[in-house]
Amino acid sequence: MADVTMPRLSDTMSEGTVGRWLKNVGDQVAVGEIIAEIETDKATMELESFDAGTLQRIVIPAGQMVPIGEVIAYIGDAALPMEATPAVNGAEEGRVKASPVARRLADELGVDLRQVTGSGPGGRIIKDDVEMFAAPRKPGATIPRPARAAVPPAPAPATGSSVAPMSRMRKAISRAMSDSKPGVPHISVTMEIAMDAAMALREQIIASGTKVSLNDLVVKAAAKALRAVPTVNTSYASGPDGQPAIASHPAVHVSVAVSLADGLIAPVVRDADTKSVGTISAEIRAMVARARDGKIAPHELDGATFQVTNLGMFGVVEFSSIITVPQAASLAVGAVRKVPVVRGDQIVIGQVMNVTLSVDHRVVDGAVAAQYLQELKKLLESPVGILI
Amino acid sequence: MPVITYRQALNNTLGEELARDPNVLLMGEEIGLFQGSYRITEGLLEEFGPRRVVDTPIAEEGFVGLAIGAAMLGLRPVVEIMTINFILVAIDQVVNHASKIHYMFGGQVRVPLVIRTPSGGTGQLGATHSQSFENWFAYCPGLKVVAPATPYDAKGLLRAAIRDDDPVIFIESLALYDTKGEVPSNDDYVVPIGLAEIKRRGTDVTVVAYSRMTAVAMQVAQRMEQEGISVEVVDLRSLRPLDRPTIIESVRRTNRAVVIAEDWYSYGITAEIAATIQEQAFDYLDAPVQRVAGLEVPLPYAKDLSAVTKPSANSLIHAIHKVLEGKR
């Protein structure tokens with residue numbers, strides 16, 4: 001008998017909803033046949049069966065959300081009767097899953113089991129969990145420090161990335177940043193970029209018959225700038241020794257945040273540094289169209305090393321964005337505005353755009369972020385560089 | 001204290017009991033001239049003569065019946081069945097007669113009979129010579145069943161069995177015969193039938209075992225200590241009567257239990273112990289009781305296949321980790 005589990009359909013997916021079952025219990029299923037639709041945080045995907053046999057039991061009914069890896073159905077030999085399989089979640093149908101001794105102890109200590117997180121199999125609350133929950137916080141003069149465990153798990157680096165151990169200083173910075181800002185410790189650095197030349201270039205490209213948005217130019221420039229400042233094209237990672245490390249990515253894959261009616265997705269332009277602006281533009285448009293139809297493929301949302309997000313169309317001057325783990329940086333792009341600028345000794349009308357780079361301070365420092373923005377500024381202010 | 005083998009402990013005890021009580025006699029196949037298939041009765045024919053150490057034909061039903069009759073009339077026969085597999089032809093005598101005579105005849109006669117026999121499978125003896133049937137007898141009211149794991153307990157329980165007025169099935173193990181342990185020499189101690197013993201104290205998990213599996217559990221407990229896991233080992237020693245209070249007291253302290261036995265999984269000893277624990281220690285359990293037992297197949301002759309069908313140190317370690325899942 002084979003387990004059908006909730007698949008991982010994108011980098012950021014941690015749980016998925018069974019949209020609907022396309023097969024009923026008792027139906028024959030062939031390898032590769034579509035048996036269900038899975039709704040992820042990004043899109044609705046079709047679930048193909050890896051196994052042939054009879055759909056013996058549907059564990060997770062349509063509409064229910066479960067973590068990835070959880071069994072949602074069983075496919076097996078029709079001749080074998082199915083044993084009832086208990087649901088695996090800690091709390092099911094309002095009943096909290098707790099061991100008998102945990103239940104008794106919770107009673108004695110007046111602990112509400114619904115507030116306790118279970119560490120036993122399938123999330124079962126065990127005695128240790130109740131004891132930890134009930135342990136009185138000891139008063140004392142020490143300055144509270146956030147638990148080190150608050151550092152988000154270092155993901156394994158992408159295939160092909162070279163992983164280098166952190167220097168002692170880097171480790172100390174990394175730790176200090178995590179202590180202060182649990183999660184990924186962000187800092188953001190803002191730069192004003194003159195966009196007159198870039199706007200003029202865009203006009204010329206459009207006049208030549210190629211559709212291209214200002215954001216496409218920014219994506220291309222951002223990708224090229226990553227080549228010049230590769231420290232930004234990295235990830236906080238876990239080395240072979242389990243110690244924090246830095247993974248440097250050989251390729252530049254830029255994701256572009258796109259808002260949808262009910263959220264946002266970030267399709268990835270692979271090797272954006274090597275593609276023409278026209279190609280980047282066409283790819284983004286195609287992926288956005290597929291995303292709006294819920295038809296985008298998981299691989300199109302995976303593997304980004306950097307992100308560009310743009311709120312310029314809303315007239316936003318500048319903002320800072322949140323990094324998508326395991327990327328080390330995210331570029332927030334504001335609107336191009338006409339402003340008075342001093343050129344020579346004259347005040348003229350210039351077009352400027354503010355960009356803000358958020359970086360993971362465990363691996364990228366403020367000065368490096370500033371260097372990157374300098375490079376980006378250079379590319380956008382003399383945009384011929386992004387065409388070659 | 002002298003260190004002797006399990007085999008020596010049995011041999012010494014049989015000799016001492018023959019000398020102590022003139023009503024004690026030994027019966028069995030090849031126990032006299034050949035001195036025992038496993039040398040348990042070595043030297044006893046020479047010392048006590050053919051009226052006290054009786055070689056029998058290969059006819060278990062006949063000589064077990066003979067021993068029951070002798071016991072009813074006042075002797076205290078100690079029968080050796082070469083391995084527990086051969087007792088099947090005598091099971092009617094044991095289950096329908098030895099166990100019930102005292103009850104069915106209004107307490108007029110007792111059956112002070114001991115049947116000694118090694119159980120379990122080691123050493124490529126094939127499917128029909130490698131079985132564990134102690135649960136068949138432990139199932140039957142009117143019998144007592146003991147299964148010592150150490151030379152000390154072998155001696156103390158064999159004394160208790162011979163001096164008991166009811167039929168006792170005394171379970172040995174081929175794999176234990178050469179194991180060593182301390183046994184006092186000038187001490188007429190008895191290990192009471194029906195008492196388990198905590199062989200090793202621990203705080204994280206209780207492992208319940210008997211006979212050879214107690215030895216395995218003790219090794220595993222030692223190994224797991226290096227991992228920082230504190231294993232308590234309860235050695236049942238007696239399967240009937242079963243010392244439930246000792247098991248329960250231990251599980252109430254550790255909140256976790258793994259039961260290991262060499263017999264087959266379904267309907268085996270481990271099922272009885274697990275049921276006992278859930279009945280009497282339910283509110284103390286932090287994880288479902290794990291059972292480690294034999295695969296439900298006739299034991300393969302091939303050595304490597306045979307090894308994987310039997311419970312082992314590795315399968316016990318696996319079960320301990322499973323029962324400890326999530327514990328900090």
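**Helix packing, a sheet and an interface**

Student: How do α5 and α6 of chain A pack, and at what angle?
Tutor: In this predicted model, helix α5 (residues 214-228) of chain A and helix α6 (residues 277-292) of chain A pack at an angle of about 115°, with their axes 9 Å apart. Helices (H or I, at least four residues) and strands (E, at least two) are DSSP runs, numbered from the N terminus. Axes are lines fitted to C-alpha atoms, for helices over the stretch in contact, and angles run from 0 to 180 degrees between N-to-C directions.

Student: Which residues of α5(A) and α6(A) meet?
Tutor: From α5(A) come Asp216(A), Leu217(A), Val219(A) and Lys220(A), and they meet Val277(A), Ile280(A), Ser281(A) and Ile284(A) of α6(A). Contact here needs C-beta atoms, placed from the backbone, within 7 Å.

Student: And by class?
Tutor: That contact of α5(A) with α6(A) has 5 nonpolar, 1 polar and 2 charged residues. Ala, Val, Leu, Ile, Met, Phe, Trp, Tyr, Cys and Pro count as nonpolar, Asp, Glu, Lys and Arg as charged, and the others, Gly among them, as polar.

Student: Before we go on, numbering and cut-offs?
Tutor: Residues count from 1 along each chain as its sequence is written, and chains are lettered from A and ligands numbered from 1 in the order in which they are written. As the model is predicted, local features need pLDDT of at least 70 and side-chain atom pairs count only at pLDDT 80 or more, while totals for chains, interfaces and linings use all residues.

Student: What pLDDT does chain B average?
Tutor: Chain B averages 96, and 100% of its residues score at least 70; pLDDT is the predictor's confidence in each residue, from 0 to 100. The model has ipTM 0.77 and pTM 0.56.

Student: What is the strand order in the sheet of chain B?
Tutor: The order is β3-β2-β4-β5-β7-β6-β12 (chain B), an open sheet of 7 strands with mixed pairing. Its edge strands, each pairing on one side only, are β3 (53-55) and β12 (238-240) of chain B. Strands pair if DSSP finds at least two bridges between them.

Student: Which way do β6 and β7 of chain B run, parallel or antiparallel?
Tutor: Parallel: 3 bridges join β6 (residues 144-146) of chain B to β7 (residues 168-172) of chain B. Val145(B) stands opposite Ile169(B) in β7(B).

Student: Switching to the interface: how many residues of chain A are in contact with chain B?
Tutor: 11 residues of chain A are in contact with 11 residues of chain B. On the chain A side, α1 (100-109) and α2 (127-134) each give two or more residues, and α1(A) gives the most, with 4 residues.

Conventions. Two residues are in contact if their C-beta atoms, placed from the backbone, lie within 7 Å.
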